[in-house]
Amino acid sequence: MDKLNEIAKLYLHENGITISFFAKYIGAPYDSAAKWLNGKIKKLSYEQNRKVHDFLNGEHLRPIEKIMKKEGE
């Protein structure tokens, strides 16, 4: 398994993350993200590809400090 879409699909599955959340994060329509994850679309835009890498590096996670600050506003 060395294709980015396969790695991303496994990451979503193992972490219980929805395709909807993933699609929103990378800035793609749900259908496009789902097709890409399943190998039916071969390429994403440069920006979407960069966001996939960010996502896999955990940049979609919010630290507790930001969550608590938002609640206390």
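## Packing of α1 against α4

Helices α1 and α4 pack with their axes 11 Å apart and at an angle of about 40°. The two helices are therefore oblique to each other, the oblique class being neither roughly parallel, for which the angle must be under 35 degrees, nor roughly perpendicular, which covers 65 to 115. The crossing in which α1 passes α4 is left-handed. From α1, the residues that make the contact are L4, I7, A8, Y11 and L12, and their counterparts in α4 are N49, V52, H53, F55 and L56. The model described here is a predicted one.

## Overall architecture

The chain contains 5 helices and 0 strands, and its pattern along the sequence reads α-α-α-α-α. The C-alpha trace spans about 45 × 20 × 20 Å along its principal axes.

The chain has 73 residues, of which 30% count as buried. Among contacts with a separation of 6 or more, 55% are accounted for by residues 24 or more positions apart.

## The largest nonpolar core

In soluble globular proteins, nonpolar side chains tend to be buried together. In this model, the largest nonpolar core comprises 15 residues, and the members that touch the most other members are F22, I26, W36, V52 and F55. Two or more residues of this core come from each of α1 (4-15), α2 (19-26), α3 (30-37) and α4 (46-56). The most is given by α2, which supplies 4 residues.

F22 lies in helix α2. With a relative accessible area of 0%, F22 is buried, since the cut-off for a buried residue is under 20%. Beyond its neighbours within four places in sequence, F22 is in contact with A8, L12, A33, W36, L37, V52 and F55. The C-alpha atoms of F22 and I41 are separated by 16 Å, and the two residues are 19 apart along the chain.

W36 is among the buried residues of α3. When its neighbours within four places in sequence are left aside, W36 is in contact with L4, N5, A8, F22, I41, K42, K43, L44 and V52.

The buried residues of α3 are A33, A34, W36 and L37. Around the helix axis they cover an arc of only 165°, which places them on the same side of α3. An α-helix has 3.6 residues a turn, so residues three or four places apart point the same way. The cover over the buried residues of α3 includes α1, α2 and α4. After α3 comes G39, which has a positive phi, near 80°.

Helices α2 and α3 pack at an angle of about 105°, with 9 Å between their axes. These two helices are therefore roughly perpendicular to each other.

## Helix α4

In α4, the buried residues are Q48, K51, V52, D54 and F55. Viewed down the axis of α4, they fall within an arc of 165°, so they line one face of the helix. These buried residues pack against α1, α2 and α3. G58 follows α4, and its phi is positive, near 85°.

## Exposed positions

D31 belongs to helix α3. This residue is exposed, having a relative accessible area of 53%, because the cut-off for an exposed residue is over 50%. D31 and I19 are 12 residues apart along the chain, and 9.3 Å separates their C-alpha atoms.

K43 is located in the loop between α3 and α4. Its relative accessibility is 72%, and K43 therefore counts as exposed. The C-alpha atoms of K43 and N5 are separated by 9.5 Å, although the residues are 38 apart along the chain.

Note on methods: Residues are numbered from 1 along each chain as its sequence is written. This is a predicted model: local features need pLDDT of at least 70, side-chain atom pairs count only at pLDDT 80 or more; totals for chains, interfaces and linings use all residues. Side-chain values use heavy atoms; hydrogens and water are left out. A nonpolar core is a set of buried Ala, Val, Leu, Ile, Met, Phe, Trp, Tyr and Cys residues joined through side-chain atoms within 4.5 Å. Buried means under 20% relative accessible area, exposed over 50%, partly exposed in between (1.4 Å probe, protein chains only). Contact means heavy atoms within 4.5 Å. The arc is that of the directions from the helix axis to the C-beta atoms. Axes are lines fitted to C-alpha atoms, for helices over the stretch in contact, and angles run from 0 to 180 degrees between N-to-C directions. Angles under 35 degrees count as roughly parallel, over 145 as roughly antiparallel, 65 to 115 as roughly perpendicular and the rest as oblique. A crossing is left-handed if the near helix is turned anticlockwise from the far one by less than a right angle, and right-handed if clockwise.
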